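Here is a short report on one protein chain.

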Amino acid sequence: MNWLLVAKILLELLPAIIDGIKALEKAMPEAGQGAAKLNALRALLQGAYETGEHAAGAFEALWPTISRVVGSLVDTFNRSGMFKRD
């Protein structure tokens, strides 16, 4: 898959990814739930992707990159204090 197409897809998905991360953090604020939250976000995005029209190829080809973006965003949010831990 063309890297420019992947970058475009990620930039278009970014607001939905951020909203998903925030919603899952609000629903599951306990520490140690990162894997469950990531699985939930993947299921949500994959369900939407498979339901809609997609000319970018299989979701499985996009997921590793999306997962890295999610990890980076969560790390940034944690470092900035957006997700407070008690």
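## Burial and surface

A residue counts as buried when its relative accessible area is under 20%. By that cut-off, 28% of the 86 residues of the chain are buried. The model is predicted.

The chain exposes about 5800 Å². Carbon and sulfur atoms supply 61% of that area.

## Fold and dimensions

The chain has three helices and zero strands. Along the sequence, the pattern reads α-α-α. Along the principal axes, the C-alpha atoms fill a box of roughly 45 × 25 × 15 Å.

Take the contacts between residues at least 6 apart in sequence. Of these, 59% join residues at least 24 apart.

## Packing of helix 2 and helix 3

Two packed helices are described by the angle between their axes and the distance between the axes. Helix 2 covers residues 34-51, and helix 3 covers residues 59-80. Their axes come within 11 Å and cross at roughly 140°. Angles over 145 degrees would count as roughly antiparallel, so helix 2 is oblique to helix 3. The crossing of the two helices is right-handed.

Which residues of helix 2 and helix 3 make the contact? Helix 2 contributes Leu38, Leu41, Arg42, Leu45, Gln46, Tyr49 and Glu50. Helix 3 contributes Phe59, Glu60, Leu62, Trp63, Ile66, Ser67 and Val70. By class, the residues of this contact divide into nine nonpolar, two polar and three charged.

Conventions: Residues are numbered from 1 along each chain as its sequence is written. This is a predicted model: local features need pLDDT of at least 70, side-chain atom pairs count only at pLDDT 80 or more; totals for chains, interfaces and linings use all residues. Side-chain values use heavy atoms; hydrogens and water are left out. Axes are lines fitted to C-alpha atoms, for helices over the stretch in contact, and angles run from 0 to 180 degrees between N-to-C directions. Helices (H or I, at least four residues) and strands (E, at least two) are DSSP runs, numbered from the N terminus. Angles under 35 degrees count as roughly parallel, over 145 as roughly antiparallel, 65 to 115 as roughly perpendicular and the rest as oblique. A crossing is left-handed if the near helix is turned anticlockwise from the far one by less than a right angle, and right-handed if clockwise. Contact means heavy atoms within 4.5 Å. Ala, Val, Leu, Ile, Met, Phe, Trp, Tyr, Cys and Pro count as nonpolar, Asp, Glu, Lys and Arg as charged, and the others, Gly among them, as polar. Buried means under 20% relative accessible area, exposed over 50%, partly exposed in between (1.4 Å probe, protein chains only). Accessible areas come from the Shrake-Rupley method with a 1.4 Å probe; for residues, only the protein chains shown count as cover.
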